[in-house]
Each structure stands twice: as structure tokens, then as C-alpha cells.
Amino acid sequence: MVTHYQVLGVAMAAGHDEIKRAYHRLARRHHPDTHSQASTAVQESARRIMVDINAAWAVLGDPDRRRQYDAELAPRPPPTEDGAPTDGPLSPAGFPDWFEPDWFDPDEEVPAALLEEDVHHGPRGPGEMIVFVPVALAALAVATFALALVVQWPALFAVSLLLVPLTLVSFLAAPFVAMATRVRSRPEPAGD
């Protein structure tokens, strides 16, 4: 049985910061997104490894869960006098074969571009603002229809009805326009 400590490559006596650093280091190496250009088998292997890494961090990163886990790893008592079997201490097992795939080189530097998180909050520019147009058109259609009901003006009914297909078309087109704008605005990767 491989322990969570072995998965993260740290000693049982490791402190929280050391465990956290080991988790981040392994997550950067094995996260499936860093292998998005690799074969399906490599991506699947990375996904399986990340499941184990995340499970280890979920236990060892939480002090209460870690204490409980450490108690479970404690050596078992020797067999009873009547010969009833008990589990002995856990033997230090190596990583499973699939944990370090053939293609993985732990000394290989991962390009910084692969380590950067692609996280942003809100639209990055006018091209991505297009996703708000359908919502605005839908709100405008509802507002003009409500106003047309109140004032009983047939031309306003017609405008609100014309806004409905325009809104539907914009809901379909906006994501494609936003993606196309984002692809055009993405910087070219630096050459080696």
C-alpha cells in the first residue's frame, strides 16, 4: 500500500509547508493541463496521478485529517496469544508502475508558460464584451414588451417582437465571436 506521504514524496515528520511545496511541485508536473499536447495515454496517466496527488493533499493538508491518518498508519500490535492474525506495520512500498511513466523525467524543466495559470476575472477586452450583448438584447426585448403592454402602442409591440429573433441569433453568435477575438489576441509563444 502506498501512503499519502509516499505519493507526495515527503517524510512522515515533514511540516505543513514542506508538504504544501511537494504538492505544488507535483501538481505542476503532473497536472493534465500541462500535458494537453501529449498523447491520450499520457494525458490519462497524468489524470490518474493527479487523483492520487489531490487525495494525498486532501488528507495531509488538513491537520485534523492528517492526525487521524497518522493514527491509522501506526504499527499494529503483534498477533494475540491465541494466534489470531493482526496486521503488522505497513511496509514501505515503492510507487506503483503507473505513477512514474516512461516519458516522465523529474529533472526536466517545465516551461514557465505551462506553469502560468490561465485565470482571469471578467472579460479581457472589447472582443469578450460581446457575450453581454445577448443578455442586454433579451432585457431590452422584455422591457419594450412590458412597456408596449402598458401604453398599448402597436409599434412598440412590433419592436419587441423583432428583438426576439435578434436576441436568439446573438445568443448563438456571441460565443463564437468572443472565441475568435480571443484567439486573435493571444500572444505568440516565444521560440526556443
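A residue is called buried when its relative accessible area is under 20%, exposed when that area is over 50%, and partly exposed in between, using a 1.4 Å probe and protein chains only. By that rule, 23% of the 192 residues of the protein count as buried. The model is predicted, so local features need pLDDT of at least 70 and side-chain atom pairs count only at pLDDT 80 or more, while totals for chains, interfaces and linings use all residues. Residues are numbered from 1 along each chain as its sequence is written, and side-chain values use heavy atoms, with hydrogens and water left out.

Start with the layout. The protein has eight helices and zero strands. Read along the sequence, the pattern is α-α-α-α-α-α-α-α. Helices here are DSSP runs of H or I with at least four residues, strands are runs of E with at least two, and numbering starts from the N terminus. The accessible surface comes to about 13500 Å². Carbon and sulfur atoms hold 63% of that surface. Such areas come from the Shrake-Rupley method with a 1.4 Å probe; for residues, only the protein chains shown count as cover.

Contacts come next. Two residues are in contact when heavy atoms lie within 4.5 Å. Take the contacts between residues at least 6 apart in sequence: 59% of them join residues at least 24 apart.

Now go inside. A nonpolar core is a set of buried Ala, Val, Leu, Ile, Met, Phe, Trp, Tyr and Cys residues joined through side-chain atoms within 4.5 Å. The largest one has 18 residues. Y5, L8, V10, I19, I53, L60 and Y69 have the most contacts inside it. Helices α1, α2, α3 (40-60) and α4 (63-73) each give two or more residues to this core. The largest share, six residues, comes from α3. In soluble globular proteins, nonpolar side chains tend to be buried together.

V10 is in contact with Y5, E18, I19 and A22, leaving aside neighbours within four places in sequence. T3 sits in the segment before α1 (4-8). T3 counts as buried because its relative accessibility is 12%. Setting aside residues up to four places away in sequence, T3 touches Y69 and L73.

Next, follow the end of α2. R29 lies in this helix (residues 16-30). R29 is partly exposed because its relative accessible area is 21%. R29 and A46 are 17 residues apart in sequence, and their C-alpha atoms are 8.8 Å apart in space. H31 is in the loop between α2 and α3. With a relative accessible area of 32%, H31 is partly exposed. Its contacts, apart from neighbours within four places in sequence, are L26 and M50.

Turn to the charged pairs. A salt bridge is a side-chain nitrogen of Lys or Arg within 4 Å of a carboxyl oxygen of Asp or Glu. How many does the structure hold? There are three salt bridges.

One joins E44 and R47, with N to O at 2.6 Å. Both lie in helix α3, three residues apart, or about one turn of the helix. E44 is partly exposed at 32% relative accessibility, and R47 is partly exposed at 39%.

D64 and R67 are three residues apart in helix α4, so about one helical turn separates them. D64 is exposed, with a relative accessible area of 52%. R67 is exposed too, at 53%.

D70 and R66 also meet in a salt bridge, with N to O at 4.0 Å. They lie four residues apart in helix α4, about one turn. Is R66 buried or exposed? R66 is buried, with a relative accessible area of 14%. D70 is partly exposed at 24%.

Finish on the surface. L147, V150, V151 and W153 form a nonpolar patch there, with about 430 Å² of accessible area together. Patches are made of residues with over 30% relative accessible area and no salt bridge; like charges are joined within 9 Å, and nonpolar side chains (Val, Leu, Ile, Met, Phe, Trp, Tyr) within 5 Å. V151 lies in helix α7 (residues 133-151). V151 counts as partly exposed because its relative accessibility is 45%.
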